[in-house]
Amino acid sequence: PKRDSDAQRNILMVCPFNGVAETVEELIGEPPAYGLFASGALATVDTPRRAHLATADESNAFTYVVVPRAWRRWQAGPRVRCRDLPSAWTQHRWAPSRWLRPYYCRLAMGSTHAVFILGVINAAAVRRALAAWKRGYSLVILNESAALYRGTILDSQTIAVYVHVDDFGALSDDPDVSNEAIELIVEELSRIGFEVKMLRCHEVSRYVGLTLEGNGTLWMPTLQKLALVDAAMEELEASDRVWTQEVRSGVAHFVHYALLWRPALSVLQTIFSFCREDRPFAQAWWPSARQELRVARGLLGLLRHRMDRRTAPLVFAADASGPSGSRACPNGAWAVSAARLPSQEVEAVARRRELHARTPLEDSTLTPLLPIDDLRVPTLPQTIVPAHWVGDQAAWYLLQARKHRVPVHINRGEFKAANAVLEAGCGGGLPPGTRLVDLGDSRVTCGAWVKGRSPSWG
């Protein structure tokens, strides 16, 4: 059903078209941006003050866009006699006994091609609407991968716009700016024929299933949505046998909101393997998958994102070595150093996201900063970290260094060093929610730190 209405959504699965058409990724040669990041995109926005949100919603988004003629034969309905259709539709153009196959000539909700095309149309409309804005604000479209990677700070000259298929949100630190931006977007969308409903800042209560609380600094799921997800997970947990499709749906809703607080993603692992066991009947729970669902349900109340978090003034660097044949460090070791670096540079690095493939430093870049014997010659970092951070050894001082008494795998050493960084940060009297910047060359610990999951089974 549609929101706040008894009407039903017309969701069409265009299976024939999907069977013959190339995928969107094959057509454009790169992974497409469907504009469905939602909480994952909004969680990349930070603000030193409070954020103000104005929204708009297209009511005829899919039904307004006409598809090319070549598509229509693949979006046809079943055959029907002309006499069985209302005369207002056929207008006596065919004989009553004539077989007809009605075409659906508009974008079909439920098709990836339709979502992508509508996203391109809407993103182009947003750029046209705000291109000549006299205020001279810097526009950031949160759907773009560059914005997701860099992160966005809402300062006095920045406005962020997120397009969730047919829902638009304009964020800034000034309500007048957000309202004016959404008015320009609605004006442009109306000009090209869309029917748009607009809500100004004081009228917005929710957006893409989230609500803006804490005086405009806290994103969290709406209580109604959270209650529904909790009820669904409770019912799944109480069942002895479940359909994997239903478990997938519950997990998908949890992941959608867990993007606000990524450590919650580390809970789910076995349940993904359980969902891959797709069988045409309900199957018994795996005890481990059921326990993960139980823990995930317990974390629902923690899924939120604070946009006013600060970054710690200290930058940490952690590294480890595994067992080797050296006499100085035969069983492996780990070490942690710290430095006080320019605050603006630290803030810029802290806003980077895990979407970039080279977030960890290249192996052994940190060797000059960490006195661990028998590591390889340091290499230049190919990352977002400023080169002078690594080159300026005088700014760094050693916090901890430990040699293992027995042989220890290097991954365990990397995690011991990461835990030492957490202990140092938590013991420094920093306010709750403060960001810590830790430099490392391990993708295992990077995955666990930033995303809540690790690419290694070790």
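Reader: Which residues are buried in helix 7?
Author: His113, Ala114, Val115, Phe116, Leu118, Gly119, Asn122, Ala123, Ala125, Val126, Ala129 and Leu130 are buried in helix 7. Buried means under 20% relative accessible area, exposed over 50%, partly exposed in between (1.4 Å probe, protein chains only). Helices (H or I, at least four residues) and strands (E, at least two) are DSSP runs, numbered from the N terminus.

Reader: What kind of model is this?
Author: This is a predicted model: local features need pLDDT of at least 70, side-chain atom pairs count only at pLDDT 80 or more, and totals for chains, interfaces and linings use all residues. Residues are numbered from 1 along each chain as its sequence is written, and side-chain values use heavy atoms, with hydrogens and water left out.

Reader: Back to helix 7. What caps its N-terminal end?
Author: Ser111 does. A side-chain oxygen of Ser111 lies 3.3 Å from the backbone nitrogen of His113.

Reader: And how far apart are the end C-alpha atoms of helix 7?
Author: They are 28 Å apart, which agrees with the 28 Å that its 20 residues should span at 1.5 Å a residue. The expected span is 1.5 Å times one less than the number of residues.

Reader: Why does Asn122 count as buried?
Author: Because its relative accessibility is 0%.

Reader: What does the side chain of Asn122 reach?
Author: The backbone oxygen of Val165, at 2.7 Å. The Asn122 side chain also makes a polar contact with the side chain of Glu58 (3.3 Å). A polar contact is a pair of N or O atoms within 3.5 Å; within protein, one must be able to donate a hydrogen and the other to accept it, and residues adjacent in sequence count only if both atoms are side-chain atoms.

Reader: Switching topic. Which residues have the most contacts inside the largest nonpolar core?
Author: Leu42, Val247, Phe254 and Trp285, in a core of 47 residues. Such a core is a set of buried Ala, Val, Leu, Ile, Met, Phe, Trp, Tyr and Cys residues joined through side-chain atoms within 4.5 Å.

Reader: Which helix gives the most to this core?
Author: Helix 11, with five residues. A second, separate core of 35 residues includes Ala108, Leu130, Ile185 and Cys201.

Reader: What stands opposite Leu218?
Author: Arg306, in strand 14.

Note on methods: Pairing = 2+ DSSP bridges.
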